[in-house]
Structures are given as C-alpha cells and as structure tokens.
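This report examines one protein chain, beginning with a single residue and widening to the fold as a whole. Please keep the sequence and the coordinates in view while reading.

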Amino acid sequence: MTMPSVAEVKLVLADIIIKLEKSIGRKNTYLQELEDDKKTLEAVIYDRDNGVSFPVNSSYPSYAAWIEQLQKEITAGENSILRIEREKSELVAAKYYIENATETPTP
C-alpha cells in the first residue's frame with residue numbers, strides 16, 4: 001500500500017477544514033437548544049410533581065415518555081458540544097499540517 005502524497009493529504013484536509021469550521025460554528029445553536037431542553041425538562045418535572053394534568057394535545061403519551069425524550073435530547077446536546085471541543089483541536093492540527101507539511105521529510 002502506498003501512502004498518499006502530502007499534496008493529496010492537503011487536498012483532503014482542506015475539505016475537512018471546511019466541514020469542521022461549519023460544525024464549530026453551530027456551537028451557539030447547540031448551547032441554546034441545550035438550555036431550552038433543560039428549562040423544558042424542569043418545567044415538565046415541575047408540572048408532573050405538582051399534579052398538573054397531562055396535556056391532551058401532547059405528542060407524548062405520558063410525562064414519563066416526555067421526560068425520557070428530553071433527557072435523551074440533553075445528552076445528545078451535551079455530546080455535540082463535547083464533539084465540537086474535540087473538533088477545535090482537529091481543526092488546529094489540520095491547519096498546522098497544511099501550513100507546515102513538506103513532500104520531503106526534513107532530517
């Protein structure tokens with residue numbers, strides 16, 4: 001198996017950089033959604049614990065199902081933010097490689 005040339009790797013990394021920058025740019029959206037989900041979870045638990053009748057027009061069958069779904073969404077949001085933090089390091093590494101890699105290794 002032959003290794004790709006530095007030029008080929010740089011072309012691939014240029015595409016990856018674009019994707020990483022777009023993903024990192026969505027961090028604030030994820031943070032806002034996470035905050036909204038946490039507030040909604042608090043409100044739903046409050047209603048459940050205080051005997052508020054379950055909404056008839058809800059798309060969830062019960063408070064338990066609603067709470068479970070919100071907890072899943074919170075976990076997914078937290079995982080997205082952690083992924084973005086890792087992607088920041090990947091972005092730095094990719095940019096460094098593009099700027100510094102040469103076809104011939106320096107001794």
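Leaving aside its neighbours within four places in sequence, which residues is Ile 17 in contact with? In this predicted model, Ile 17 is in contact with Leu 91, Ala 94, Lys 95 and Ile 98, once those neighbours are set aside. Ile 17 itself lies in helix α1. Its relative accessibility is 10%, and Ile 17 therefore counts as buried, the cut-off being under 20%.

**Overall fold**

The secondary structure of the chain consists of three helices and zero strands, and along the sequence the pattern reads α-α-α. The radius of gyration is 22 Å, well over the 13 Å given by the globule rule for 107 residues, so the chain is more spread out than a compact globule. Along the principal axes, the C-alpha atoms fill a box of roughly 75 × 25 × 20 Å. Of the 107 residues, 22% count as buried. The accessible surface comes to about 7900 Å², and 57% of that area belongs to carbon and sulfur atoms. Among contacts between residues at least 6 apart in sequence, 74% join residues at least 24 apart.

**Helix α1**

Helix α1 comprises residues 6-25. At 1.5 Å a residue, its 20 residues should span 28 Å, and the end C-alpha atoms are 28 Å apart, which agrees. The buried residues of α1 are Val 6, Leu 13, Ile 17, Leu 20, Ser 23 and Ile 24. These residues cover an arc of only 130° around the axis, which puts them on the same side of α1. An α-helix has 3.6 residues a turn, so residues three or four places apart point the same way. On the other side of α1, Leu 11, Lys 19 and Lys 22 are exposed. The cover over the buried residues of α1 includes α2 (27-49) and α3 (63-100).

**Helix α2**

Helix α2 has 23 residues and reaches 33 Å from its first C-alpha to its last, close to the 33 Å expected at 1.5 Å a residue. Its buried residues are Lys 27, Leu 34, Asp 37, Leu 41 and Val 44. What covers them includes α1 and α3. Just after α2, Gly 51 takes a positive phi of about 75°.

Glu 87 lies in α3 and is buried, with a relative accessible area of 9%.

Which residue has a side chain joined to that of Glu 87 by a polar contact of 2.5 Å? The partner is Ser 23, a residue of helix α1. At 4% relative accessibility, Ser 23 counts as buried. Beyond residues up to four places away in sequence, Ser 23 touches Arg 83, Ile 84 and Glu 87.

Ile 67 also has its place in helix α3. This residue is buried, with a relative accessible area of 7%. With residues up to four places away in sequence not counted, Ile 67 touches Leu 41, Val 44, Ile 45 and Arg 48. Of these, Leu 41 and Val 44 are among the buried residues of α2. The C-alpha atoms of Ile 67 and Val 44 are separated by 7.1 Å, although the two residues are 23 apart along the chain.

| Residue | Relative accessible area |
|---|---|
| Ser 23 | 4% |
| Ile 67 | 7% |
| Glu 87 | 9% |
| Ile 17 | 10% |

In summary, the predicted model is a chain of three helices and zero strands. The buried residues of α1 have α2 and α3 among their cover, and those of α2 have α1 and α3 among theirs.

Technical notes:
Residues are numbered from 1 along each chain as its sequence is written. This is a predicted model: local features need pLDDT of at least 70, side-chain atom pairs count only at pLDDT 80 or more; totals for chains, interfaces and linings use all residues. Side-chain values use heavy atoms; hydrogens and water are left out. Helices (H or I, at least four residues) and strands (E, at least two) are DSSP runs, numbered from the N terminus. The expected span of a helix is 1.5 Å times one less than its number of residues. Buried means under 20% relative accessible area, exposed over 50%, partly exposed in between (1.4 Å probe, protein chains only). The arc is that of the directions from the helix axis to the C-beta atoms. Contact means heavy atoms within 4.5 Å. The radius of gyration is taken over C-alpha atoms; the globule rule is 2.2 Å times the number of residues to the power 0.38. Accessible areas come from the Shrake-Rupley method with a 1.4 Å probe; for residues, only the protein chains shown count as cover. A polar contact is a pair of N or O atoms within 3.5 Å; within protein, one must be able to donate a hydrogen and the other to accept it, and residues adjacent in sequence count only if both atoms are side-chain atoms.
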